[in-house]
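Welcome! Here are some exercises to work through with the sequence and the model side by side. Try each task yourself before reading its solution.

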2 protein chains.
Amino acid sequence: MKTTTQAGTGAALGTRERIVRATSRLMQRQGYEGTGIKQISREAEATLGSVYHFFPGGKQELAAEAIRHGDREFAGILRSVLGAEEDPAQAVTDVARVVAEELRASDWVDGCPVTATSLGTAGRAPDIQRAAAEAFERWRGLVADKLRGCGIAEQDAYELAHTVINTLEGAELAAQVARSEEPLLIAGRHLARLITSYR
Amino acid sequence: MKTTTQAGTGAALGTRERIVRATSRLMQRQGYEGTGIKQISREAEATLGSVYHFFPGGKQELAAEAIRHGDREFAGILRSVLGAEEDPAQAVTDVARVVAEELRASDWVDGCPVTATSLGTAGRAPDIQRAAAEAFERWRGLVADKLRGCGIAEQDAYELAHTVINTLEGAELAAQVARSEEPLLIAGRHLARLITSYR
DNA sequence: TCCTGGATGGAGCGTTCGTTCTAGCGAGGG
DNA sequence: CCCTCGCTAGAACGAACGCTCCATCCAGGA
């Protein structure tokens, strides 16, 4: 056999990767409980047998893996947008704008995959909760690094990173509900002002 | 027959009210898809017949009503906490603290009922989405009124109200995932700082 | 007194759920 | 050559899903 674990972005993906991506996308739209394994296997063009072959832990393992996928995806966006702008306040505003654009492009349906997947399993699925906590921590870390690199004090950077991520998260949710970019754009401006006040 | 629509807080509640409260509480914990009608009727000590008698629109109507219940509930908290403190920055910090306390008291399980219920039905249930949008709007209105009453300019108050609600929402979510009050307490401090910068 | 109609109680409909299980496929190594 | 084994394929299971339907109850009006 050929090792089909390729993470290539070009050609056809391996079965396992297709399953993870389908899970992530579906749970992002419909949440954990709203997404069925059969729907996932259909969407991924894999069969039920393949799904349980790669994820013997069933739906929970699948969801945790999907969260880690969303984690890496947004971490990539965060790294690239934060890296492209020197001023941290402007960089955070840029992130808000990018998130708003992607949300609008999906007709307000593709929110945060981590939030949508982990909410509704609160307390009842430790693996999922842990994966979600790690994602938020990773994102906060990226923001905190950027802030520290711009001369903001350690403790301030740590706390600001919390609020930057949480405000974006809340604003994205509001943007979905209101079907409008406004909450995210306002959040970007306010976060910029807040960051500037610490320089 | 007696009109059993009493909203009394004292004695036994009417069947309809018990159903709404059970729905709100369950969906707050498990989301829309994760909550079954039979579970609701069991929890509310009502029967399936009663549920469909009062809510012929089925699960969607039930969810929309539950969101409106959560809306009124949090609006009450908001009114009372914002009214008890003159300084708007301190008042918002107080709200964050109260939310954190209640969240901890529920062992990090009772998040925002509106968010938990509406997420995962994005775009597919207009009634639910509308009820959620109205809840957020009502809450923003209460915050904006407080800010305006403290001499903050109309447009600034409008935008700040957006970010106050959205940041609290995002921080509550993070607090649930991390099982920690920290995100909410940080959010309270940052929102206070942001508000103060507009005075 | 009977009648009426809101409210209750719950069996049962067809469907889908997550999961299990076994049979078969086909490329690589001996 | 055949054998092995990672992978695919999908039927089948019991349980739960949302919802329909009808029998029953009972207070208030005629």
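## Exercise 1: A histidine and its neighbours

Leaving out residues up to four places away in sequence, His162(B) touches Glu182(A), Pro183(A), Ile186(A) and Arg140(B), where contact means heavy atoms within 4.5 Å. Before going on, note that this is a predicted model, in which local features need pLDDT of at least 70 and side-chain atom pairs count only at pLDDT 80 or more, while totals for chains, interfaces and linings use all residues. Residues are numbered from 1 along each chain as its sequence is written, chains are lettered from A and ligands numbered from 1 in the order in which they are written, and side-chain values use heavy atoms, with hydrogens and water left out.

**Task.** Find which helix holds His162(B), and decide whether His162(B) is buried or exposed.

**Solution.** 
- Step 1: His162(B) sits in helix H8 of chain B; helices (H or I, at least four residues) are DSSP runs, as are strands (E, at least two), numbered from the N terminus.
- Step 2: The relative accessibility of His162(B) is 3%, so it counts as buried. The classes are buried under 20% relative accessible area, exposed over 50% and partly exposed in between, with a 1.4 Å probe and protein chains only.

## Exercise 2: Helix H9 of chain A

**Task.** Work out how the reach of H9(A) compares with the expected span, and find what covers its buried residues.

**Solution.** 
- Step 1: H9(A) runs over residues 182–196, which is 15 residues.
- Step 2: The expected span is 1.5 Å times one less than the number of residues. From first C-alpha to last, H9(A) reaches 21 Å, close to the 21 Å expected.
- Step 3: The buried residues of H9(A) include Pro183(A), Ile186(A), His190(A) and Leu194(A).
- Step 4: Their cover includes helices H5, H7 and H8 of chain A, together with H8 and H9 of chain B.

## Exercise 3: Two copies

**Task.** Describe how chain B can be laid on chain A.

**Solution.** 
- Step 1: The superposition is by least squares on the C-alpha atoms of residues with pLDDT of at least 70 in both copies.
- Step 2: This is the relation of a two-fold axis.
- Step 3: Both copies use the same surface, as 100% of the contact residues of chain B recur in chain A.

## Exercise 4: Inside the core

**Task.** Which residues have the most contacts inside the largest nonpolar core?

**Solution.** 
- Step 1: A nonpolar core is a set of buried Ala, Val, Leu, Ile, Met, Phe, Trp, Tyr and Cys residues joined through side-chain atoms within 4.5 Å.
- Step 2: The largest one has 61 residues, and Leu78(A) and Trp139(A) have the most contacts inside it.
- Step 3: H7(A) gives this core its largest share, 10 residues.
- Step 4: Leaving aside residues up to four places away in sequence, the contacts of Trp139(A) include Phe74(A), Leu78(A), Cys112(A) and Ile165(A).
- Step 5: Now look at Leu142(A), in helix H7 of chain A. Leu142(A) is buried, with a relative accessible area of 14%.
- Step 6: Leu142(A) and Leu78(A) are 64 residues apart in sequence, with their C-alpha atoms 7.4 Å apart in space.
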